[in-house]
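Please look over the notes below on packing and open space.

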Amino acid sequence: MRYLALSIAAVLFLVPFYLVVRNGLVAESEISAPSWTFLPSAVRWENFGELFGNPAVPLVRSMVNSLVVAVLQTAGQLLLCSLAGYGLARIPYRYANVVFYFVVATLMIPAAVTFVPTFVVVSTLGWVSDLRGLVIPGLFSGFTAFLFRQYFLNFPRELEEAARIDGLGHWGTFWRVVVPNSRGFFAALGVIAFVTSWNQFLWPLVIAQDQDSWTVQVALSTFLTAQSINVHELFLAAAVSITPLVIVFVAMQRWLVRGVTETGIKG
């Protein structure tokens, strides 16, 4: 019964992916036909040619931009937030708790409040339609720093004490002992950060004002306008755009499960 229930759940989770691919590989008329069929009458592989040959939507360039932004933001968050979290958890100084409370307080500020000031700063620096404007504002996350801090509070102190006996300071202990023994947690937060960055839409929509700086989410929005709706290309582009996310999940699945198990992340 357990395997049966899991099999049914797996099929239900896969149905939306099938529908996206199915609608992307059929004619426009078949998608909006009155009598809808689960299996298409004919598969139109030439839709891939239409999609990647569409001069109005540079999908390949947009996916490359999204990949660059997601990789840099993920690496930046893991580096900066892990250092901040370790410092707040393990390096004693007078105002450690005050700094931590300020970091937690930023989580209660709605994103809409900081959106305009952030845009003004980015615009003043001349980073509109530039990858720097897309990447740099997302290099640090107070929530990720908070998670790292909570994780490092429960990290075995015996390992750190052994490192200090061998002559390592906080910097050496962090890189040689803490990081190698926290790969599961780093992987779990890395996957979350990558997916979050890849799926961003509003900020890239405002900053990426020319086609060369579009991300994939902005490119997808151009298939659905007030003047026209290109349904089959929209579905096919959506299927293509989630491919990197599927690859990341498959490649990091073992580390992701390990990180969730070790850290007790729920939901």
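Which helix gives the largest share of the lining of the largest pocket?

1. Helix 11 does, with five residues. Helices here are DSSP runs of H or I, at least four residues, numbered from the N terminus. The model is predicted: local features need pLDDT of at least 70, side-chain atom pairs count only at pLDDT 80 or more, and totals for chains, interfaces and linings use all residues. Residues are numbered from 1 along each chain as its sequence is written, and side-chain values use heavy atoms, without hydrogens and water.

2. The largest pocket holds about 1000 Å³ of space. A pocket is an open set of points on a 1 Å grid over the protein atoms alone, where a 1.4 Å probe fits, with protein on both sides within 12 Å along at least five of seven lines. The volume is the space filled by probe spheres set on the points.

3. Its lining has 30 residues (an atom within 4 Å of a point). Nearest the centre lie A111, P137, G138, F140 and Q200. The lining splits into 18 nonpolar, twelve polar and no charged residues. Gly counts as polar, Pro as nonpolar.

4. The largest nonpolar core has 24 residues.

5. W198 touches M63, S66 and L67, among others (heavy atoms within 4.5 Å), not counting residues up to four places away in sequence. Apart from this core lies another, of 15 residues, including F148 and F185.

How values were computed. A nonpolar core is a set of buried Ala, Val, Leu, Ile, Met, Phe, Trp, Tyr and Cys residues joined through side-chain atoms within 4.5 Å. Buried means under 20% relative accessible area, exposed over 50%, partly exposed in between (1.4 Å probe, protein chains only). Helices (H or I, at least four residues) and strands (E, at least two) are DSSP runs, numbered from the N terminus.
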